[in-house]
Amino acid sequence: MSWYRNAVWFVKGLREYTRSGYESASKHFDPADVEVNVAGRSFLVTGANSGIGKAAAMEVARRGGTVHLVCRNKERAEAAKGEIVTETGNQNIFLHIVDISNPKEIWKFAENFKNEHKLHVLINNAGCMVNNRELTEDGLEKNFATNTLGTYILTTALLPLLEKEADGRVITVSSGGMLVQKLNISDLQSGNGTFDGVMVYAQNKRQQVVLTEQWAKAHRNIHFSVMHPGWADTPAVRSSMPDFYQRMKNTLRTEAQGADTVVWLAVSSEATKLPSGLFFQDRQPVPTHLPLASTHSPPEDEEKLMEVLEEFSQKFKSASLGT
């Protein structure tokens, strides 16, 4: 069935995920949804020095929010911060240098952040697509470490902070590529068979959808959502998927168009009127499975994913904090 899933996903993508798909969907947007002032609210955006993350951070800053940029590269992050301050006039932009593929680093950052700041909205945007199997210094496959485990650890570490505030939200930037993947808990670090970075990335994005659904069940006073930005012209797409970029570059969305639903989920009161745990595309909840694609997984597999990630998380927490 994989050929079927891939074919259906690509046809769907040509119709919905490109710039023309955004332009069609945006005709139904209510501009008032995002014409809001969020001064006094604190937002944390990972992977905020470029692409979707930077565009989302810029729009939140325009609306007066306090924005914490979590980035891996200090030089690029400082340039992004300067641009956001200059463009928006918002001085409440703070920079944190953290490698989301390093679980011990995430734990140290989160513990310090909890002692020094408040948080209303977490935007999990940082991600990577490494096309050859590469291990981190902790022996973790790098895509899994960044996209799945890093997202899990940062979110769960900051949940106590989010639970203290009214209208706490967690938004995770996923991908429509997850539609071609069924959750596979037997090989989370992609050590078996031929390594395909695009499919590993798509599997990680399926895992993020499952995480969001599970968190929504467990933490009722926080609004969780996961979204697909469409196919956008970002540095990550250009570097990780050069062939795809060359074929599609004239039809790709802008970074701002890709970030639109992130911003809507982060600031709009309309977003939280919808149930927690949904998958969004262009400000609308959409199905997490293609018709006839056989990508549904049994509940025990989803529970097992959470158990395995929690085991990893606690191991690295102990190593990081000496607990």
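Which backbone oxygen lies 3.2 Å from a polar atom of the side chain of K118? The backbone oxygen of G40 does. This is a predicted model, in which local features need pLDDT of at least 70 and side-chain atom pairs count only at pLDDT 80 or more, whereas totals for chains, interfaces and linings use all residues. Residues are numbered from 1 along each chain as its sequence is written, and side-chain values use heavy atoms, with hydrogens and water left out.

- The loop between helix 5 (103–116) and strand 4 (121–124) holds K118; helices (H or I, at least four residues) and strands (E, at least two) are DSSP runs, numbered from the N terminus.
- K118 counts as partly exposed because its relative accessibility is 43%, the limits being under 20% for buried and over 50% for exposed, with a 1.4 Å probe and protein chains only.
- Beyond its neighbours within four places in sequence, K118 is in contact (heavy atoms within 4.5 Å) with G40, S42, F113, L161 and E165.
- Although 44 residues separate K118 and L162 in sequence, their C-alpha atoms are 7.9 Å apart.

**Nonpolar cores**

- A nonpolar core is a set of buried Ala, Val, Leu, Ile, Met, Phe, Trp, Tyr and Cys residues joined through side-chain atoms within 4.5 Å.
- The largest such core has 39 residues, of which L44, L119, L122, L149, L154 and L158 touch the most other members.
- Helix 6 gives the most to this core, with 11 residues.
- Not counting residues up to four places away in sequence, L158 touches L44, A110, F113, K114, L119 and L122.
- A second, separate core of 34 residues includes L69, V85, V121 and W264.

Conventions. Polar contact = N/O pair within 3.5 Å; in protein donor to acceptor, adjacent residues only side chain to side chain.
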